[in-house]
Amino acid sequence: MDPRNPFPGAQINEVHTMYSDFFQNMEAMTDDKESFINLDRLDRNFKEFNKNIESLDNSMLSYFFSNINEKEIIKQTKEEYRTYGINLRNNVRSSIKIQAERRKITITRSLLTPVSKEDRERLFQRDGCYGVYPLDRVIGLSALPFKMTVDAMLKVSKIAQQARSFRVASKDLDDYCGIKLDVCTISDVISHIGYIIFKHDLARSFEHSKSFYKKNCNLHLQNKEGVLYLQVDGAMIHTREKKDKDDSGWREHKLGMVYNSNDIKSIIRTNKRGKKEIQHKILKKEYTSYIGSASGFQKLFFESVCRNNYGQYKETVLISDGARWISNMKELLYPDATQILDFYHVSEKIWELGKLYFDNNSKKCEEWCTEICDKIEQSQYLDVKNEIIKKEKSVKNK
């Protein structure tokens, strides 16, 4: 292949002519005040220009693949497989279309198939297939899932995660990128890219945890300000994954959130009763989502916490429902943190205590529980603590 002329025939001249005509037309339109170019005409000219460039790109790709010495590649492939005791022969030439980010690339290549039944069995045992495309191996087609380039898969993932559904994503890809994909393929691409990112994050979090354990960092530094908040919870969800016949498929989905006191904004609003009250809005927060063991989650979450400057705040607060696995994580990774039971579970326990103390008197129970919960929201925790201790003693003495 002649590297000085990547375009077939006289198309290199066509490129020069196209560029020259385009800029001459642009210059003419800006010089003539009566027919001065507007944005619509400018946009149409660029679209037409890009279409011509894409057409030439396709011609260049065709020229590139037609100049590859496939015969030599086939020869080398046959010799390679002969060392494995597998004899291959030329079969047919077939075309494949690969979806690139802006176009589809058509590649025609040769197929090699086993000579005998024994060769066929050996090839299947070694590679899990009954034929070999030598050119696919050389240019990396064998490593591309979904017959798409890496850039095309990333484009699909980016648009699909911003769309309301895969059906909307399919339409957006067709309208804005010229990529025609069905809903199932988009879902498979998203899962494939997501799994790669997940494995990368998991490996990185493991390394981060190892380095933290080795350094044994002293987090109790002075002259710090602000509070770093960690919130962790778990919820059971039903999945299709079952380890055996007796497995119900239920798994705990663990979720963590990190934010700091500098990213909390106070807003004064009027409630349903017409009274003004202060509400707090978190402006910036980071989530960690994981379905699996507590050890797997705590490594991923620890990576997120460190990324949000753990150890650089005056105080670290862990808010949770009090589950044992969360307490164990706190003792292992965040020994300096103050663990707080979240308001929902605190109020739940208060109502349980109220029902035990007031028996069937629902009105008194409701009044007392509401008053205690209001005090908690107003940070009157000492009064709440003393009141709960009194009620607990009364219940135990009954």
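The model is predicted, so local features need pLDDT of at least 70, side-chain atom pairs count only at pLDDT 80 or more, and totals for chains, interfaces and linings use all residues. Residues are numbered from 1 along each chain as its sequence is written, and side-chain values use heavy atoms, with hydrogens and water left out.

Side chains of opposite charge can pair when their charged atoms come close. Here a salt bridge means a side-chain nitrogen of Lys or Arg within 4 Å of a carboxyl oxygen of Asp or Glu. The whole structure holds 15 of them.

Start with R93 and E70. Their closest N and O atoms are 2.8 Å apart. R93 sits in strand β1 (residues 88-99) and E70 in helix α3 (residues 70-82), so the bridge ties together parts 23 residues apart in sequence. Helices (H or I, at least four residues) and strands (E, at least two) are DSSP runs, numbered from the N terminus. E70 has 11% relative accessibility and counts as buried. Buried means under 20% relative accessible area, exposed over 50%, and partly exposed in between (1.4 Å probe, protein chains only).

Next come E101 and K155, which meet at 3.5 Å, N to O. E101 lies in the loop between β1 and β2 (104-114), K155 in helix α6 (residues 150-162), 54 residues away. E101 is partly exposed at 30%. K155 is partly exposed at 27%.

E371 and K375 pair within helix α12 (residues 362-377), four residues apart, about one turn of the helix. Their closest N and O atoms are 3.6 Å apart.

Finally, shared partners join D201, R204, E286, E303 and R307 into one salt-bridge network.
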